[in-house]
Amino acid sequence: IAPPQQKNPSSGWIKKKTKKYKVPNQIGLSLRDAFYILENKGFRVSHRGKGKVVEQSIKPGLQGSKNQLISLSLN
């Protein structure tokens with residue numbers, strides 16, 4: 001499905017709306033929950049360790065991009 005388009009009446013150009021990939025906070029989540037959330041938002045995920053997420057490679061709230069790799073550290 002193509003993203004919605006808006007036509008700027010003054011210029012005649014069509015402006016496409018882009019999907020934004022805001023990085024969610026994964027600190028304190030289990031690996032399973034973190035993978036589920038990140039993959040459903042369009043990110044790729046790698047991890048090291050076991051337990052709960054204690055660190056993520058991209059700070060929460062920052063803008064990411066589709067298929068961007070996010071590394072999780074667990075303890």
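What share of the contacts in the protein with a separation of 6 or more is accounted for by residues 24 or more positions apart? In this predicted model, such residues account for 47% of those contacts.

View 1. Read from the N terminus, the elements follow the order β-β-β-α-β-β-β-β. Of the 75 residues in the protein, 23% are buried, and the protein exposes about 5,800 Å², of which carbon and sulfur atoms supply 52%.

**View 2. The open sheet of three strands, in the order E4-E7-E5.** The pairing within this sheet is mixed, and its edges are formed by strand E4 (44-48) and strand E5 (53-56), each of which pairs on one side only. From one strand to the next, the twist averages 30 degrees. In general, the strands of a sheet pair through backbone hydrogen bonds, in either a parallel or an antiparallel manner.

**View 3. The parallel pairing of E4 with E7.** Five bridges join these two strands, and arginine 44 stands opposite leucine 69 in E7.

View 4. Serine 73 counts as buried because its relative accessible area is 9%, which lies under the cut-off of 20%. The side chain of serine 73 is joined to that of arginine 48 by a polar contact of 3.0 Å. When neighbours within four places in sequence are left aside, the residues in contact with serine 73 are Arg48, Lys52, Val53, Val54 and Glu55.

Definitions and conventions: Residues are numbered from 1 along each chain as its sequence is written. This is a predicted model: local features need pLDDT of at least 70, side-chain atom pairs count only at pLDDT 80 or more; totals for chains, interfaces and linings use all residues. Side-chain values use heavy atoms; hydrogens and water are left out. Helices (H or I, at least four residues) and strands (E, at least two) are DSSP runs, numbered from the N terminus. Buried means under 20% relative accessible area, exposed over 50%, partly exposed in between (1.4 Å probe, protein chains only). Contact means heavy atoms within 4.5 Å. Accessible areas come from the Shrake-Rupley method with a 1.4 Å probe; for residues, only the protein chains shown count as cover. A polar contact is a pair of N or O atoms within 3.5 Å; within protein, one must be able to donate a hydrogen and the other to accept it, and residues adjacent in sequence count only if both atoms are side-chain atoms. Two strands pair if DSSP finds at least two bridges between them. Axes are lines fitted to C-alpha atoms, for helices over the stretch in contact, and angles run from 0 to 180 degrees between N-to-C directions.
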